[in-house]
Amino acid sequence: MRDETIPTHCPYCALQCGMNLRATPGSGAAAETVVEVVERADFPVNRGALCGKGRTAPSLLSSRVRLTEPLIRSHATGRLEPATWEEALRTIADGLRRTRAQHGPDAVGVFGGGGLTNEKAYTLGKFARVVLGTSQIDYNGRFCMSSAAAAHNKAFGLDRGLPFPLEDIPRTGCVILVGSNLAETMPPALRYLTELKANGGTLIVIDPRRTKTAEQADLHLAPRPGTDLALALGLLHVVVAQGRTDEEFIRERTSGWAEARAAAMAHWPELVERITGVGVPELREAVRLFCDAPTGMVLTARGPEQHSKGTDTVSAWINLCLATGRAGRPLSGYGCLTGQGNGQGGREHGQKADQLPGYRKLDDPAARAHVARVWGVEPETLPGPGRSAYELLDALGQDVKSLLLMGSNPVVSAPRAGHIEERLRSLDFLAVADVVLSETAALADVVLPVTQWAEETGTTTNLEGRVLLRRKAVQAPSGIRSDLEVLGALAELLGHEKGFPSDPEEVFEELRRASAGGPADYSGITYRRIAEENGVFWPCPETVEDAIEAPSGDAGPARSEVLSGMHTAGRGKADGPVGSAAPVHPGTPRLFLDRFATADGRARFIPVGHRPAAEEPDAEYPVLLTTGRVVAQYQSGAQTRRVDELNTAAPGPFVELHPQLAERLGAAEGDPIAVVSRRGRAVGPARITHGIRPDTVFMPFHWPGDGRVNTVTNPALDPTSRMPEFKVCAVRVERAEQPAPAAAA
C-alpha cells in the first residue's frame with residue numbers, strides 16, 4: 001500500500017537516527033523503485049529530526065550512481081571490465097589461495113569498515129581467522145575512537161562510547177565538550193545541548209576553531225592543536241588547588257589517585273597557559289562552571305583523540321571526572337561521541353586485529369576456547385593478534401601481498417594517503433566489495449557490487465551502546481549481492497562449505513552465542529526484542545541470573561541495578577528463555593552506577609603527563625594543520641559526493657585561515673592556498689575567518705585529488721591505541737599557482 005512504511009535507521013553517523021522508508025514502484029518497464037524518507041518520531045535518539053545526509057540517503061539506491069555488476073581488471077587493457085559473479089568470485093578465491101600457498105596465510109590481509117553491520121563485521125573476522133587463517137585483519141574504525149576505547153578500558157574496565165543514554169545530557173548540570181562540532185557532524189544531536197542550556201545547565205566547548213557548536217557555548221576555550229592533554233591536566237591542577245575534589249568518591253570508588261594527582265600538580269596554570277594559549281582566568285572559570293554544577297559530563301570526539309598521545313589525553317579527561325566525583329553516578333560521567341555508523345558494534349565482534357566477538361581479547365586462552373567452540377574449530381588454529389590499521393596498510397605489497405577490503409576507502413581516508421595509495425598499487429592482488437566505485441575500488445583487480453542499508457536487514461550499535469535493527473525496505477537491483485553472500489561464497493570456494501550463512505538473523509544468533517559472557521554480551525538480545533523495545537542496550541545477558549552470577553570483574557550493570565529494574569529500557573516480553581523461569585535481562589542503558597567493570601569494581605586513575613605533538617612547527621613548517629568534517633559530506637565522501645544536493649552544498653575542499661595569516665600571504669577570500677607538509681601537498685580556496693587561531697589552518701578531509709588533505713597528515717601512532725595523528729601536523733602555507741578545487745558553500 002502507498003502509506004505502508006518500514007522503520008529503519010540512517011546509514012551514516014553513530015547516532016543511527018530513526019527513519020521510516022516508503023517504497024513506491026516506478027512507472028515504466030525500466031523505472032526504479034522510488035524510496036522516500038518519512039519521519040519516525042517514536043525513535044528517542046533523533047525524535048524524527050534528520051540532517052541533509054539522512055534525508056537524501058535514498059539517492060544512493062539508484063543504479064545511476066552505484067555499482068551494478070562485478071568488475072575484473074583486464075590483463076589486455078588494464079581497465080576494469082564487467083564480469084559474471086562466478087568469474088569474479090573465482091578470481092578472488094584463486095588470488096587469495098595463490099598468495100597463501102606462495103607466502104603463507106599472513107601474506108593475506110583483510111580490511112573492514114565501521115559502517116558494516118554487526119553481522120558483517122562478525123562474519124568478516126570469522127572469515128579471516130577460520131577460512132584464511134590470517135592474523136592480518138583490522139578496520140577503518142581504528143581511525144575513529146580507538147584512543148577513547150583504550151582509555152575506557154584502562155580506567156573503567158569496559159569500552160562503550162557513552163555509559164548513559166543521550167537523553168541524560170540535557171538533565172546534567174554542565175557539559176565539557178572537547179573537540180566535537182556536533183552542529184556539523186551530528187546535527188540532530190545538537191538539540192541535546194540546546195535543551196541542556198534551556199534547563200539551566202552550562203556548556204563549555206573546547207576547540208581551536210569557533211565552530212557553530214562553539215557559538216552555543218557559555219565558555220569557549222581555543223587551545224593550540226595538540227595541547228588538549230596539557231589543558232585537561234591544568235584543569236585538574238586547579239581543581240586540586242581549590243580543594244574541589246570529591247574525596248569520598250575518590251576513597252570509596254577509585255584507585256591510583258596519588259600518582260595521578262602528582263602528575264597533574266606538575267602542570268600549573270601558568271605553564272598550561274604557555275603550552276595551550278588558554279589563559280589562566282579561563283582555566284579557573286571552566287573549573288568554576290564544572291564544579292559548581294551538581295552533576296557534570298565530559299564528552300570527547302576526534303579532536304583530542306586522533307593524536308599520537310590520544311589515549312593519554314582521554315585518560316586525563318577521565319581523571320578530571322573521577323577527581324570531581326562525576327562518574328559512576330546518575331547524570332554524570334565521561335563519554336566518547338563515536339563517529340561511524342557502526343563504529344561501536346564494529347569494534348566489538350572481531351574485525352579488530354586483537355579481538356574476538358563479545359569484545360574478547362584474542363590473546364586470552366579462555367576467550368579463544370569459547371569462540372572456537374562456537375565456530376567449531378580448535379583454539380590453537382586461531383591466529384594471534386595482527387597489525388593495526390595503518391601498520392597493515394603500510395605493509396601492503398611487502399609482507400602483505402593480497403588484500404580483501406570491505407566498506408572502506410583508505411586512498412582518501414588514511415593518513416599519509418599518497419603513500420598508502422602507492423602501497424595499494426604495489427599489491428599482487430586487491431579485491432574490493434563496495435556500493436560505489438570509490439577511489440580505492442578503482443585500484444582493485446576485482447570489484448564486487450554489494451547491497452546497502454535499505455536493501456538488507458542487520459543490526460548496528462549506536463554511540464549509546466543501543467543495539468538497533470535496520471530493516472530491508474526495497475529489493476536491490478539485479479546483479480547485486482550482500483556482503484554475507486560474498487563471504488559465504490568465498491568460504492565455500494576456499495573449502496568451507498558450512499559456517500557462513502547469508503541470512504543476517506542466523507548470523508546474529510551465532511553472534512549472540514559467541515558474545516555470551518564477554519564484556520559486550522549480546523546473548524539476551526534478539527531481533528524481536530530490538531523491534532519491540534526500540535533497541536536494547538548492551539551488556540545484555542540472556543537472563544538477570546546470568547548477570548548476577550557473572551564474575552565480579554565482568555562488564556555489565558551492577559547486581560543491585562539489575563534487580564531493582566532501574567535499567568529497564570522497555571520489555572517486549574516478561575518471560576525468560578525457553579524452558580527458563582528466569583526474568584529476561586532488561587539491558588543496560590546506564591553503566592557503572594554501583595561499580596566499575598574492573599576486577600575490584602573501582603575506576604582507575606591513570607597518571608599521564610603532557611608531551612608535544614609528534615611534529616611541532618619549525619622555521620620550514622611554521623603553521624599547524626588540523627582537519628575535520630563539514631555538514632554536507634561524510635567520511636571519505638565516496639557516497640555523499642554522489643548525492644547532487646549534498647555536492648551542491650559542499651562541492652570541494654577549502655583552507656580555513658585567520659585574517660592575520662591571510663595578510664602575511666597576501667591572500668584574499670577564494671584564492672588558491674597550498675598546505676604543504678613533509679609528506680605531501682593539498683590545495684583549496686581560502687576561507688578567511690576570525691573563528692580560527694592565527695597559528696592554525698583547517699581543511700576538511702572528504703575529497704580526493706589536489707584537495708586530498710590526508711596526503712599531508714601525519715601517520716605517527718599512539719603507542720597504545722595505534723591511532724594516527726590526524727588532528728595536528730606542521731605545515732607550510734603558501735599561495736598556489738594553479739586554481740583551487742571548488743570551495744564548499
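Colleague: Why is Val-432 called buried?

Modeller: Val-432 has a relative accessible area of 1%. Buried means under 20% relative accessible area, exposed means over 50%, and partly exposed is what lies in between, with a 1.4 Å probe and protein chains only. With 1%, Val-432 therefore counts as buried. Val-432 sits in strand β17 (residues 429-434). Helices (H or I, at least four residues) and strands (E, at least two) are DSSP runs, numbered from the N terminus.

Colleague: What should I know about the model before going on?

Modeller: This is a predicted model, in which local features need pLDDT of at least 70 and side-chain atom pairs count only at pLDDT 80 or more, while totals for chains, interfaces and linings use all residues. Residues are numbered from 1 along each chain as its sequence is written, and side-chain values use heavy atoms, with hydrogens and water left out.

Colleague: How far apart are Val-432 and Phe-500 in sequence and in space?

Modeller: They are 68 residues apart in sequence, and their C-alpha atoms are 19 Å apart.

Colleague: Why is strand β6 said to be largely enclosed by the rest of the structure?

Modeller: In β6 (residues 108-112), 5 of the 5 residues are buried, so the strand is largely enclosed. Val-108, Val-110 and Gly-112 point one way from β6, Gly-109 and Phe-111 point the other way, and all are buried. In a regular strand the side chains alternate between the two faces of the sheet.

Colleague: What makes β6 and β7 a pair?

Modeller: Two strands pair if DSSP finds at least two bridges between them. β6 and β7 (residues 137-139) have 3 bridges in the parallel sense, so they meet that rule. Phe-111 has Asp-138 in β7 as its bridge partner. β6 is also joined to β16 (residues 402-406) by 4 bridges, and these two strands run parallel. Here Val-110 stands opposite Leu-404 in β16.

Colleague: Which elements make the right-handed β-α-β unit, and what does right-handed mean?

Modeller: The unit is made of β6, helix α3 (residues 118-132) and β7. A crossover is right-handed if, with the strands pointing away from the viewer, the path from the first strand over the helix to the second runs clockwise.

Colleague: Which strands of the open sheet are called edge strands?

Modeller: The open sheet has 5 strands in the order β10-β9-β8-β12-β13, with parallel pairing. Its edge strands are β10 (219-221) and β13 (333-336), and each pairs on one side only. Neighbouring strands of this sheet are turned by 15° against each other on average, direction ignored; the axes are lines fitted to C-alpha atoms, for helices over the stretch in contact, and angles run from 0 to 180 degrees between N-to-C directions. Within the sheet, β8 (residues 174-178) and β9 (residues 202-206) pair in the parallel sense over 5 bridges. Cys-174 stands opposite Thr-202 in β9.

Colleague: What makes a pocket a pocket, and what makes a cavity a cavity?

Modeller: On a 1 Å grid over the protein atoms alone, a cavity is a set of points where a 1.4 Å probe fits but cannot get out; a pocket is an open set with protein on both sides within 12 Å along at least five of seven lines, and lining residues have an atom within 4 Å of a point. The largest pocket has a volume of about 830 Å³. Its lining has 31 residues, with Asn-153, Tyr-359, Arg-360, Lys-361 and Pro-519 nearest its centre. Helix α4 gives the largest share, 6 residues. By this rule there are also 6 cavities of 30 Å³ or more.

Colleague: Why does Tyr-359 count as buried?

Modeller: Its relative accessibility is 11%, so Tyr-359 falls under the 20% limit. Tyr-359 lies in the loop between β14 (355-356) and β15, and has a positive phi of about 60° although it is not a glycine.

Colleague: Which residues are joined by a cis peptide bond?

Modeller: Trp-538 and Pro-539 are, with omega about 0°. Pro-539 lies in the loop between β21 (536-537) and α22 (544-549). Most residues other than glycine have a negative phi, and most peptide bonds are trans.

How values were computed: Grid points are joined across faces, edges and corners, and a volume is the space filled by probe spheres set on the points.
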